[in-house]
Amino acid sequence: KNTKFRELEFAIFCIENVEAKLGVNAECVYQAFTENDVYQLIRDGVSDMHCMSDAYLSEELGQEYYQKN
């Protein structure tokens, strides 16, 4: 798979997890997600972020969502 496809696949995965966890509209999650510090680290290839569990990443993304909204 190419890198852009993996990034998109990962973004969708994260958005769906945060949406389910917080019960927030996917569009709102997407807007917050694209400006998210945690996502930027993951996208930029910070290796230890890729090793974190789904629950951990969802929690971190959710916390950032609440801080910014």
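Trainee: What share of the contacts in the protein with a separation of 6 or more comes from residues 24 or more positions apart?

Mentor: Residues 24 or more positions apart account for 58% of those contacts, where contact means heavy atoms within 4.5 Å. Before we go on, this is a predicted model, in which local features need pLDDT of at least 70 and side-chain atom pairs count only at pLDDT 80 or more, while totals for chains, interfaces and linings use all residues. Residues are numbered from 1 along each chain as its sequence is written, and side-chain values use heavy atoms, with hydrogens and water left out.

Trainee: Okay, and how many helices and strands are there?

Mentor: There are 5 helices and 0 strands, so the order from the N terminus reads α-α-α-α-α, given that helices (H or I, at least four residues) and strands (E, at least two) are DSSP runs numbered from the N terminus.

Trainee: How much of the protein counts as buried?

Mentor: Of its 69 residues, 29% count as buried; that word means under 20% relative accessible area, with exposed over 50% and partly exposed in between, using a 1.4 Å probe and protein chains only.

Trainee: Let's look at H1, then. Which of its residues are buried?

Mentor: In H1, which covers residues 3–22, the buried ones are Ala 11, Cys 14, Ile 15, Val 18 and Leu 22. Seen down the axis of H1, they fall within an arc of 100°, so they line one face of the helix; the arc is that of the directions from the helix axis to the C-beta atoms.

Trainee: Why would residues a few places apart point the same way?

Mentor: An α-helix has 3.6 residues a turn, so residues three or four places apart point the same way.

Trainee: And what covers that buried face of H1?

Mentor: The cover includes helix H2 (26–34), helix H3 (37–43) and H5.

Trainee: How do H1 and H5 pack, by the way?

Mentor: H1 and H5 (residues 54–68) pack at an angle of about 70°, with their axes 9 Å apart. Axes here are lines fitted to C-alpha atoms, for helices over the stretch in contact, and angles run from 0 to 180 degrees between N-to-C directions. The two helices are therefore roughly perpendicular, a label for 65 to 115 degrees, whereas angles under 35 count as roughly parallel, over 145 as roughly antiparallel and the rest as oblique.

Trainee: Which residues meet there?

Mentor: On the H1 side they include Phe 10, Phe 13 and Cys 14, and on the H5 side they include Leu 57, Leu 61 and Tyr 65.

Trainee: What about H5 by itself, which of its residues are buried?

Mentor: Leu 57, Ser 58, Leu 61, Gly 62, Glu 64 and Tyr 65 are the buried residues of H5. They cover an arc of only 165° around the axis, which puts them on the same side of H5, while Ala 55, Tyr 66 and Gln 67 are exposed on the other side.

Trainee: What does Tyr 65 touch?

Mentor: Not counting residues up to four places away in sequence, Tyr 65 touches Leu 22, Val 24, Cys 28, Val 29 and Ala 32. Tyr 65 has 11% relative accessibility and so counts as buried.

Trainee: Switching to H2, is Thr 34 buried, exposed or partly exposed?

Mentor: Thr 34, which sits in helix H2, is partly exposed, with a relative accessible area of 34%. Thr 34 is 23 residues from Ala 11 in sequence and 8.7 Å from it in space, C-alpha to C-alpha.

Trainee: And which residues in H2 are buried?

Mentor: Those are Val 29, Ala 32 and Phe 33. What covers them includes H1, H3 and H5.
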